[in-house]
There are 2 protein chains.
Amino acid sequence: MQSLRERIVADGVTVGTDTVKVDSFLNHQIDVRFFEELARGFSMRFADLEPGSVDKILTVESSGIAVATFTAREFGYPPVVFAKKDLPSTMTEDYWFTEIMSFTKSKMTAIRIAKKYLQAGERVLIIDDFLAHGQAASGLVRLCAEAGCELLGVGAVIEKQFQGGATLLAREGVRVESLAVIERIEDGRIHFAEGRA
Amino acid sequence: MQSLRERIVADGVTVGTDTVKVDSFLNHQIDVRFFEELARGFSMRFADLEPGSVDKILTVESSGIAVATFTAREFGYPPVVFAKKDLPSTMTEDYWFTEIMSFTKSKMTAIRIAKKYLQAGERVLIIDDFLAHGQAASGLVRLCAEAGCELLGVGAVIEKQFQGGATLLAREGVRVESLAVIERIEDGRIHFAEGRA
């Protein structure tokens, strides 16, 4: 997605060879109109899905929530469910549970989804802001599998190809669509993967 | 807001006299079309604000993000900024910082906003899902004050009047608009405040 690549180059701040900070528009401050464009980006990538074929959009708190919610508008307004990282005192019923490694926070995090919001047979699209090592996405994929859902694919706004998350998911047979694919970061410059995104 | 009150009664699950769980449509699973309606609710409540007079919408992760982002669409698409609870390794610049008590999680939580995303003179509207004890909202109010912003008000989807958050904010001179105001929960029944919301 050309406008996204341009935005990453214009506003992204690289840190070393692993990190590009995009908190000016994506995951701390949100450019709302641009999010509508990102959502349309996903609708084009998954244009082969029949209208009405997405029963649920799944993401994980926090920074996946806004993009997942806007994406839902493009797919006929299915409910969005976001996995929770803390265990709120109000989450008293049965939930699906798995652990994921957060590399940016250097710790394992549990993610949970109440079982009643992810049911067998539901066709699920996973949407997130970043696909890096693929920990969050494969955690959500595991929860879908446990719940007996049909996984339609994973959509990520920005994929950092060099961290292998997309490869990991592809090996598990998961369809991955990323709106921008960063091949590498070198001397503060961002190189996008040609031919993809 | 009548449709919200009906939804709370239909789908909310009360726990004791303090808690109503609305995770089927508000803060775990999101009813996206209903969020558009909630956003219009806020635009009606703050209809006196001149077009273009909201420079920024402020919320706190996680469950405020979606409603804040949809509300931004009603106010000319200002950026949404959400305060962060964890300290991500990528947050290296100066930030505003305060601590708030989370009663549902029984712990103090730090919230942070990078200084560059909240600047002196900006006219800020705070939007959140719940207003209970007012901890999150008054934390955000403090950050706005420190940053030298002009606070336009606080909008909450559901206010639990009996927990005093709105009173606390009003005492500080903050305008509060809640789309539904719960006066009390008694024997599993939700009583809404008359004359407000």
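The model is a prediction, in which local features need pLDDT of at least 70 and side-chain atom pairs count only at pLDDT 80 or more, while totals for chains, interfaces and linings use all residues. Residues are numbered from 1 along each chain as its sequence is written, and chains are lettered from A and ligands numbered from 1 in the order in which they are written.

The secondary structure of chain A consists of five helices and eleven strands, where helices (H or I, at least four residues) and strands (E, at least two) are DSSP runs numbered from the N terminus. With a radius of gyration of 16 Å, close to the 16 Å that the globule rule gives for 197 residues, chain A is as compact as a globular protein of that length; the radius is taken over C-alpha atoms, and the rule is 2.2 Å times the number of residues to the power 0.38. Along the principal axes, the C-alpha atoms of chain A fill a box of roughly 50 × 40 × 35 Å. Of its 197 residues, 48% count as buried, a residue being buried if 20 or more other C-beta atoms lie within 10 Å of its own, exposed if 12 or fewer, and partly exposed in between, with C-beta atoms placed from the backbone. Among the contacts in chain A with a separation of 6 or more, 60% are accounted for by residues 24 or more positions apart, and two residues are in contact if their C-beta atoms, placed from the backbone, lie within 7 Å.

Helix H4 of chain A (residues 135–147) has 13 residues and reaches 18 Å from its first C-alpha to its last, close to the 18 Å expected at 1.5 Å a residue, the expected span being 1.5 Å times one less than the number of residues. Buried residues of H4(A) include Ala136(A), Leu140(A), Val141(A), Leu143(A) and Cys144(A). The helix is followed by Gly148(A), whose phi is positive, near 80 degrees.

Strands of a sheet pair through backbone hydrogen bonds, either parallel or antiparallel; here, two strands pair if DSSP finds at least two bridges between them. Seven strands form an open sheet with mixed pairing, in the order S3(A)-S5(B)-S4(B)-S8(B)-S9(B)-S10(B)-S11(B). At its edges stand S3 of chain A and S11 of chain B, each with a single partner strand, so one side of each is left without a neighbour in the sheet.

Six bridges join S9(B) (residues 150–160) to the parallel strand S10(B) (residues 176–186), where Glu177(B) is the bridge partner of Gly155(B). Strand S10(B) is in turn joined by four bridges to S11(B) (residues 189–192), and these two run antiparallel; Ile185(B) has Ile190(B) as its bridge partner. The hairpin of S10(B) and S11(B) has two residues between the strands, and Asp187(B) takes a positive phi near 50 degrees there.

A second open sheet of mixed pairing has the order S11(A)-S10(A)-S9(A)-S8(A)-S4(A)-S5(A)-S3(B).

In the loop between S9 and helix H5 (165–171) of chain B lies Gly164(B), which is partly exposed, with 14 other C-beta atoms within 10 Å. Leaving aside neighbours within four places in sequence, Gly164(B) is in contact with His133(B) and Gly134(B).

Between the chains, 33 residues of chain A are in contact with 32 residues of chain B. The largest share of the side of chain A that touches chain B, five residues, comes from H3(A). The residues on that side divide into 15 nonpolar, nine polar and nine charged, where Ala, Val, Leu, Ile, Met, Phe, Trp, Tyr, Cys and Pro count as nonpolar, Asp, Glu, Lys and Arg as charged, and the others, Gly among them, as polar.

Chain A can be laid on chain B with an RMSD of 0.0 Å by a turn of 180 degrees and a shift of 0.0 Å along the axis, the superposition being by least squares on the C-alpha atoms of residues with pLDDT of at least 70 in both copies. The two copies are thus related as by a two-fold rotation axis. The same surface serves both copies, since 97% of the contact residues of chain A recur in chain B.
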